[in-house]
Amino acid sequence: MNLIENIKMAIDSIMSNKMRSFLTMLGIIIGISSVISIVSLGVGGQNTITGEFEKIGVSTIRITVKTAEAETSDYITYKDIEQLKEKIDYIKYASPIKYQTGVASSERKSRTAMVYGTNEDMIYIDNTEILYGRFFNKIEFEEGRALAVIDETAARSFFGTSDAVGQTLNIGSSSSTKKATIVGVTKSQFEMFGSMIDEEEMPVIIYVPATFLDRLYSKESRISELYIMADSKENTEAAGILATNMLMNRHGNRDRDVYKAENLMKQLDQINTVLGIFTAFIAAVAAISLLVGGVGVMNIMLVSVTERTREIGIRKAIGAKTSNIMFQFLTESVIISCLGGIIGLILGIAGAYLLGQLAGITPTVTPQIIIVSIAFSSAVGIFFGIYPARKAAKLDPIEALRYE
Amino acid sequence: MIKLENVVKVYATGEISLTALKGISMDIKPGEFVSIMGPSGCGKSTLMNILGCLDRMTSGKYILNGKDISGLSDNELAEIRCREIGFVFQSFNLLPRMTILENVELPMVYAGIPRKERRERALAALERVDLSNRIKHRPNEISGGQKQRVAIARAIVNNPSIILADEPTGNLDTKVTREIMKIIQQLNDDGATVLLVTHEPDVAQYSKRIIQMLDGEIIDDYMVKNRTVF
């Protein structure tokens, strides 16, 4: 009595009850496919976020001034930034970020916008691709020229074309605005949201020289947020420490702890942990349906054993051992669950790509997911098949032969 | 070949216990053709089940081919059913989803015989019962007489020591009964030991020896005179 005979018998039996076998599999199919789609989307989402963060750079540190405790003299100045770059070898780029919510308008349209004031280094720190034109340069920053860089969705919204280089935009508060010339258009900032948000609904972000922003809002150059990028991943931590040290020296506030340096990778780890827990939780809920599917397999196998009592009796009378009968029914339940697992796997991957398309996430299907799901469905088949199979194997041949 | 010594079978269901066999002793030699007769409830089916290793006796001794069966495990009994015993049932007991050929091959599957040899031996067995032309049909596509012939082919395919036939003609008409009995007689002529349970004197008349049972005891054991022979 070999495996091939058993598999052949099991398939015969499954095929002779196609509808019932399919419905039994359905539980497993739903369970496996939902676990697969959720996990693939979860991992895909993590990869997307990691990618976004890596774009910003693993060697980037954000230094902030604790505004609640800071005095006016503690705020970072443009001079500080210059000095940081000059004196600390580890620092490759340093950019301030100041932002104001304002209004931006073209001839076509007027929209609320986030106006980011920064310097020429931001393009390297942000690592966004420039599609048309260029980012403003050092001289333009120092002179506080009225220039702006926007992303392509904003360009389309304001000018009806992606290539908006040379166009002008009125930027400012509702009371006073200034004309700024577009010098560059970057790739969309919110690409990761894909089609989830309508283009016209996406926030508008405008990069301008921080010095121009100061003119625009007639404010003194107080900087509370600064990004620095180290020359390598290894030197990142050190660059952060050196930078805060230098700031404390320059501002003479060593006694007060007003500067905070954060590595963005740490935040990424946190986000990924949260996302991982979230994915695991939903997957666990989906796995419960797999358990329910397993109970379905057991139920049908029990019915099958009862229905085939006489067959079992005949097989025993002509020489089948207990183990033969046991193995026969176990093979059947494993094949049902495995087949369900394979169908579920295919549907799950398909579902993940379909949902991913809608959500703008590229699902990641790892070999581990595939192996685990197939192994798990086989395990369900064995676990829930063993009781019916034992029941079949233990039948008394005389009783079984008498069964009508 | 078969030796029973004081075989007792007691069915105990709760408070009530029923003694189906009250100390049966018998001796059956190779090549014999024995009918076990008696009214229903006399214990002949119980005896058959014990002889066929489907059931265990309460006490006594059963020696088959020089081997003591009494203390064997379920799996050892299955092994004996597989190799030493060929069953023919009143209700044929073919597996409906399998073809005739597959039904006949099945005992050899459990005996671990390779596929090719199985096919050859199954075809040879079907040849012996004169049914080699319908091997791809399923049991519900053939007549009762043909079903019983398939069952006989299945019973002989592993070359068992004895063929146990439990009312093999009980579901068949007179004409078909004659056909089946002819085949069984033929098998016996070819050297098979046959044990037949029946309550029809006509059918018993085909055998060589009759054991008469009543209330779990053997009341008569005699050689058949004027045996019906084809």
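Tutor: This is a predicted model. Start with two helices of chain A. L290(A), G293(A), G294(A), V295(A), V297(A), M298(A), M301(A), L302(A) and V305(A) in α9(A) meet V380(A), G381(A), F383(A), F384(A), G385(A), Y387(A), P388(A), K391(A) and A392(A) in α12(A). By class, this contact of α9(A) with α12(A) has 13 nonpolar, four polar and one charged residues.

Student: What makes L290(A) and V380(A) part of a contact?

Tutor: Residues count as in contact when their C-beta atoms lie within 7 Å. L290(A) is listed on the α9(A) side and V380(A) on the α12(A) side.

Student: Why are α9(A) and α12(A) called roughly parallel?

Tutor: They pack at an angle of about 20°, with their axes 9 Å apart. Angles under 35 degrees count as roughly parallel. Therefore α9(A) and α12(A) are roughly parallel to each other. Their crossing is right-handed.

Student: What makes α11(A) and α12(A) roughly antiparallel?

Tutor: The axes of α11(A) and α12(A) cross at roughly 150° and come within 7 Å. The cut-off for roughly antiparallel is over 145. So α11(A) and α12(A) qualify as roughly antiparallel. α11(A) also passes α12(A) in a right-handed crossing. The residues of this contact divide into 19 nonpolar, 10 polar and one charged.

Student: How do you know that α11(A) reaches close to its expected span?

Tutor: Compare two values. α11(A) covers residues 322-359, which is 38 residues. From first C-alpha to last, α11(A) reaches 53 Å. At 1.5 Å a residue, 56 Å is expected. So the expected span uses one less than the number of residues, and the reach of α11(A) is close to that value.

Student: What comes just after α11(A)?

Tutor: G360(A), with a positive phi of about 75°.

Student: Which strands pair with β8(A) in the antiparallel sense?

Tutor: β5 (residues 130-133) of chain A does, over three bridges. G133(A) stands opposite G184(A) in β8(A). β7 (residues 168-172) of chain A also runs antiparallel to β8(A), with five bridges. There, G172(A) is opposite T177(A). A hairpin of four residues joins β7(A) to β8(A).

Student: In which sense do β6(A) and β8(A) pair, parallel or antiparallel?

Tutor: Parallel, over five bridges. I150(A) has V185(A) of β8(A) as its bridge partner.

Student: On to chain B. What makes α3(B) roughly parallel to α5(B)?

Tutor: α3 (residues 100-110) and α5 (residues 144-156) of chain B pack at about 30°, with their axes 7 Å apart. The cut-off is under 35 degrees, so α3(B) is roughly parallel to α5(B). The crossing is right-handed. I100(B), N103(B), V104(B), L106(B) and P107(B) of α3(B) meet V150(B), A153(B) and R154(B) of α5(B). These residues divide into six nonpolar, one polar and one charged.

Student: How many residues does each chain give to the contact between chain A and chain B?

Tutor: Chain B gives 19 residues and chain A gives 17. On the side of chain B, α2 (74-84) and α3 each supply at least two residues. α2(B) gives the most, with five. That side of chain B divides into 10 nonpolar, four polar and five charged residues.

Key. Residues are numbered from 1 along each chain as its sequence is written. Chains are lettered from A and ligands numbered from 1 in the order in which they are written. This is a predicted model: local features need pLDDT of at least 70, side-chain atom pairs count only at pLDDT 80 or more; totals for chains, interfaces and linings use all residues. Axes are lines fitted to C-alpha atoms, for helices over the stretch in contact, and angles run from 0 to 180 degrees between N-to-C directions. Angles under 35 degrees count as roughly parallel, over 145 as roughly antiparallel, 65 to 115 as roughly perpendicular and the rest as oblique. A crossing is left-handed if the near helix is turned anticlockwise from the far one by less than a right angle, and right-handed if clockwise. Ala, Val, Leu, Ile, Met, Phe, Trp, Tyr, Cys and Pro count as nonpolar, Asp, Glu, Lys and Arg as charged, and the others, Gly among them, as polar. Two strands pair if DSSP finds at least two bridges between them.
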